[in-house]
Amino acid sequence: MWAFVLFETLIFTAYLVVYLIARIRDQDNYLHDQAQLDLRFGIFNTIVILSSSWSVARCVQSARAGRYRPALVNAVLTLSFGVVFLASKIVEWHTELRLGNGLTTSDFFSHYFFLTGIHGAHVLIGIVVMSVVIHEIRSPARRSQQLIETGATYWHTVDFLWVLIFSLLYIVR
């Protein structure tokens, strides 16, 4: 899992460097297009994803203590936060598309849709991972602490990447 996390982080970092170079080369247009994003979506999604980070950490902590009922509750909560994040992102994409901002509208929106789309795919994978974790926690015969912690590691990677994406797309001016 750690090799995968490192690989994913390097891939995202490389793409973020490409984004930053493009932004430096065309700063005025990037700033103009960035100003069209609704910061409320970005803030809401950040709160949701950071809340999911908290709940998955609580899941691991409870499982380590042998408290599987609270671990299960927190795993379900983490999965739910992932679903809320994706639903919010879909609403945001729909809003941007309705405003005429699509994948081919500008370089900024190409980067925006690519980065948030790839991240959304990772959240979807995380939802599947958390479903496996929930399945593991529900059965005393299958309770693998390693699997629970591996799932949490993946989830934290997705959280970390969102914080970078949020900062660069929504905050940094």
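**A helical chain and its salt bridges**

Of the contacts in the chain with a separation of 6 or more, 77% are between residues 24 or more positions apart, a contact being heavy atoms within 4.5 Å. The model is predicted, so local features need pLDDT of at least 70 and side-chain atom pairs count only at pLDDT 80 or more, while totals for chains, interfaces and linings use all residues. Residues are numbered from 1 along each chain as its sequence is written, and side-chain values use heavy atoms, with hydrogens and water left out.

The secondary structure consists of 6 helices and 0 strands, in the order α-α-α-α-α-α from the N terminus. Helices (H or I, at least four residues) and strands (E, at least two) are DSSP runs, numbered from the N terminus. Along the principal axes, the C-alpha atoms fill a box of roughly 55 × 30 × 20 Å. Of the 173 residues, 45% are buried; buried means under 20% relative accessible area, exposed over 50%, and partly exposed in between (1.4 Å probe, protein chains only).

Helix α1 (residues 2–25) packs with α6 at an angle of about 5 degrees, their axes being 11 Å apart. Axes are lines fitted to C-alpha atoms, for helices over the stretch in contact, and angles run from 0 to 180 degrees between N-to-C directions. Helix α1 is therefore roughly parallel to α6, a term for angles under 35 degrees. The residues that meet include Trp-2, Phe-12 and Leu-16 in α1 and Tyr-154, Phe-160 and Leu-164 in α6. By class, this contact has 14 nonpolar, 3 polar and 1 charged residues, where Ala, Val, Leu, Ile, Met, Phe, Trp, Tyr, Cys and Pro count as nonpolar, Asp, Glu, Lys and Arg as charged, and the others, Gly among them, as polar.

Side chains of opposite charge can pair when their charged atoms come close. The structure holds 3 salt bridges, each defined as a side-chain nitrogen of Lys or Arg within 4 Å of a carboxyl oxygen of Asp or Glu. In one of them, Glu-149 pairs with Arg-64, with the closest N and O atoms 2.8 Å apart. This pair links distant parts of the chain, 85 residues apart: Glu-149 belongs to helix α6 (residues 145–171) and Arg-64 to helix α3 (residues 39–64). Glu-149 is partly exposed at 26% relative accessibility, whereas Arg-64 is exposed at 58%.

Arg-40 forms a salt bridge with Asp-38, at 2.9 Å between the closest N and O atoms. Arg-40 is exposed, at 63% relative accessibility, and Asp-38 is partly exposed, at 21%.

Lys-89 and Glu-92 also meet in a salt bridge (2.5 Å, N to O). Both residues lie in helix α4 (residues 68–98), 3 residues apart, about one turn of the helix, and both Lys-89 and Glu-92 are buried.

Methods
Angles under 35 degrees count as roughly parallel, over 145 as roughly antiparallel, 65 to 115 as roughly perpendicular and the rest as oblique.
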